[in-house]
Amino acid sequence: MPEEFADRRLMARAIQLAAKGLYTTEPNPRVGCVLARDGEIVGEGWHVCAGEGHAEVNALAQAGEQARGATAYVTLEPCSHFGKTPPCADALINAGVSRVVAAMQDPNPQVAGQGLARLRAAGIKVDCGLLESDARDLNPGFIKRMQQGLPWVRLKLAMSLDGRTAMASGESQWITGPQARADVQRLRARSGAVISGADSVLLDDSALTVRAAELGLDIELAQAAAARQPLRVLVDGQLRVPLQQRLFREAGPVLVVCTDPQQCAADYLSQQIELLTLPGADGKVDLGALLRELGQRGCNEVLVESGAGLAGAFWRAGLVDELIVYMAPRLLGSRARPLLELPFDEMAEAMDLDVTDMRVIGRDWRITARPVFSFRE
């Protein structure tokens with residue numbers, strides 16, 4: 001029992017460390033590692049950003065010679081292949097650790113149990129599965145991308161107490177308060193891509209950028225998060241958004257997705273704006289194909305920030321993994337726009353949600369929910 005308690009305590013610390021990379025590790029997973037001897041920590045580390053040392057390597061560097069004979073607690077199976085850095089399994093073996101406790105197996109097909117097998121073959125005792133659900137919660141997008149080739153999709157919406165998202169004119173700034181808007185900034189910062197539609201960008205002239213001053217984080221972390229701007233994706237089937245909009249003026253990568261580049265493609269290319277043609281049914285962009293493209297580009301998590309039309313299209317296509325709604329204590333009235341365009345006529349068409357979290361954010365409420373049943377085609 002004492003060893004079990006110590007294992008849980010030290011793995012919980014490793015999970016805390018992994019969370020430090022929440023805004024910076026994309027496209028890699030968030031991973032933390034703790035090295036301990038007789039229940040006392042001798043080294044800690046986490047993966048900070050892609051291309052730099054993994055959590056195990058950083059913890060070993062801090063522990064030095066004390067790593068020999070120690071137990072390593074790591075939130076994800078140590079890698080067994082050469083990527084931008086050497087295999088972490090080999091680093092642990094060479095350091096002489098006696099035991100490795102992993103929270104979960106790596107879903108990456110290049111690893112998928114091979115790291116644990118390599119450790120066992122070297123005579124190291126290996127346990128896997130401690131606090132696995134907590135570890136999985138750190139990396140929903142990485143897990144989904146490794147298993148399905150698709151990113152984890154969050155649909156973010158802001159609404160009034162009567163379920164409205166904008167006035168009939170389209171005016172929507174600002175339904176929620178500054179704390180909720182800072183929370184949205186943090187959702188952007190953890191995402192590999194932010195998707196919006198032409199109508200939203202035209203109405204709000206939104207930039208969709210991560211702004212360090214608005215994140216509500218310590219200065220060093222905020223600057224690191226803002227330095228890694230997510231890919232801003234504009235779904236603009238008919239290329240209606242002028243190049244003078246803020247979206248195109250702000251620094252950072254932009255991808256415009258259309259159904260037919262027509263004759264104005266040269267204008268976008270001259271501004272070094274990438275165009276992607278993905279025609280779908282009814283003259284609309286193929287959203288499923290867009291997500292597959294983003295998965296291939298290494299996007300683990302995608303945030304959809306749009307109006308009711310595009311939001312409803314993502315929902316109806318069964319492409320949303322998580323719905324995040326900010327609810328403000330105000331009424332916009334019956335003429336205002338709905339949360340999602342879902343043209344239901346009968347109660348049988350209603351869709352149930354599993355509310356996973358509800359909390360106060362400033363003067364507003366944030367509701368996090370997931371579809372109860374999968375309705376993917």
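This is a predicted model: local features need pLDDT of at least 70, side-chain atom pairs count only at pLDDT 80 or more; totals for chains, interfaces and linings use all residues.
Residues are numbered from 1 along each chain as its sequence is written, and side-chain values use heavy atoms, with hydrogens and water left out. Local features need pLDDT of at least 70 and side-chain atom pairs count only at pLDDT 80 or more, whereas totals for chains, interfaces and linings use all residues.

**The interface.** Next, display where the domains meet: 13 residues of domain 1 contact 15 residues of domain 2 (contact means heavy atoms within 4.5 Å). Domain 1 and domain 2 bury about 1,200 Å² between them, with 53% of it on carbon and sulfur atoms; buried area is the accessible area (1.4 Å probe) that two parts lose on being put together, summed over both.

**The salt bridge.** Now select R30 and E301, whose side chains form a salt bridge at 2.6 Å, N to O. The term denotes a side-chain nitrogen of Lys or Arg within 4 Å of a carboxyl oxygen of Asp or Glu. One salt bridge is counted between the two domains.

**The annotated residue.** E56 is buried, with a relative accessible area of 3% (buried means under 20%, 1.4 Å probe, protein chains only). Leaving aside residues up to four places away in sequence, E56 touches C33, V74, L76, P78, C88 and L92.

Note on methods. Buried means under 20% relative accessible area, exposed over 50%, partly exposed in between (1.4 Å probe, protein chains only).
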